[in-house]
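Work through the exercises below with the sequence and the structure side by side, and try each task before reading its solution.

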Amino acid sequence: MKIQELLALVDGKVVTSSDYNSYDIEYGLASDLMSDVLTFDVENSILITGLANLQTIRTLEMSDIECVIIARNKKVTPEMIELANEKQITIIDSPYTIFRISGILYENGIKPLY
Amino acid sequence: MMQFEYKVEGGDFTNAGNASSEVKKILKKLNVSPKITRRVVVALYEAEVNIVAHAYRGDIIVEIDTEKIRIQLNDEGPGIDSIEQAMTEGFSTASEQVREMGFGAGMGLPNINRNADELNITSEIGKGTNLEIITYLNKEN
């Protein structure tokens, strides 16, 4: 699934300036626990989280995950945006809950890993 | 052989991950495979966060040769009471602040172990902890 398509599904807004047109999402995980995210080793994945801090972005960088949805419009700080832009990571803000976003993505063919 | 050194400050969550990020850049430049790079930086990042979360300060020394990447993390801190217990998934002594950052669920050392070809830990109570993480470059896992 392309990010453009995903945005419409989750009422999402991209807050970073990285180019996301070529990113094709196949797998998803929802977690607020970064150690959990670090065990997720597949390409083309997306994280859905309620945790909005610098370590969220660092974790994505180490895990090679290029896209994250921050659920329930948590405050994305300028530092997070700056780091995400530097690392070519796309941050999407969504007003929906982690539960709702996960359900929508699952229904639309995004696969779980475990 | 190449050697790189980084300093880590305990409690400095803003900069936690800087060393791991630098190492990732270096490995990419050296054309290390994405799979091995990922294993190295995930292990290193968990270990770097451990220093920030538990120690007062620490040094990270990364040595790269044609066969392997050897990372040493030496910290000054409270040390680990029981390494066996610390290696158990779910065991954690992390503070509320660490948990708020998305860590502290007792997965750090098990994650490091899973991503390392060799892991050696020594620790002295009241002094600090030393980790050695070795990853072989010619061994795809």
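Two strands count as paired if DSSP finds at least two bridges between them, where strands (E, at least two residues) and helices (H or I, at least four residues) are DSSP runs numbered from the N terminus. This is a predicted model, in which local features need pLDDT of at least 70, side-chain atom pairs count only at pLDDT 80 or more, and totals for chains, interfaces and linings use all residues. Residues are numbered from 1 along each chain as its sequence is written, chains are lettered from A in the order in which they are written, and side-chain values use heavy atoms, with hydrogens and water left out.

**Exercise 1.** Find the partners of strand S5 (residues 128–136) of chain B and explain why S5(B) is largely enclosed.

*Solution.* Begin with strand S4 (residues 118–124) of chain B, which pairs with S5(B) in the antiparallel sense over seven bridges; within this pairing, Asn120(B) has Glu132(B) as its bridge partner. The two strands form a hairpin with three residues between them, and Gly126(B) in the turn has a positive phi of about 85°. Next, strand S3 (residues 68–76) of chain B runs antiparallel to S5(B) and is joined to it by nine bridges, with Ile71(B) opposite Ile133(B). Finally, seven of the nine residues of S5(B) are buried, so the rest of the structure largely encloses this strand; buried means under 20% relative accessible area (1.4 Å probe, protein chains only).

**Exercise 2.** Determine the strand order of the sheet in chain B and identify its edges.

*Solution.* The order is S1-S2-S3-S5-S4, an open sheet of five strands with antiparallel pairing. Strand S1 (2–9) and S4 of chain B each have a single partner strand, so one side of each lacks a neighbour in the sheet.

Technical notes: Buried < 20%, exposed > 50% of the residue type's maximum accessible area, 1.4 Å probe, protein only.
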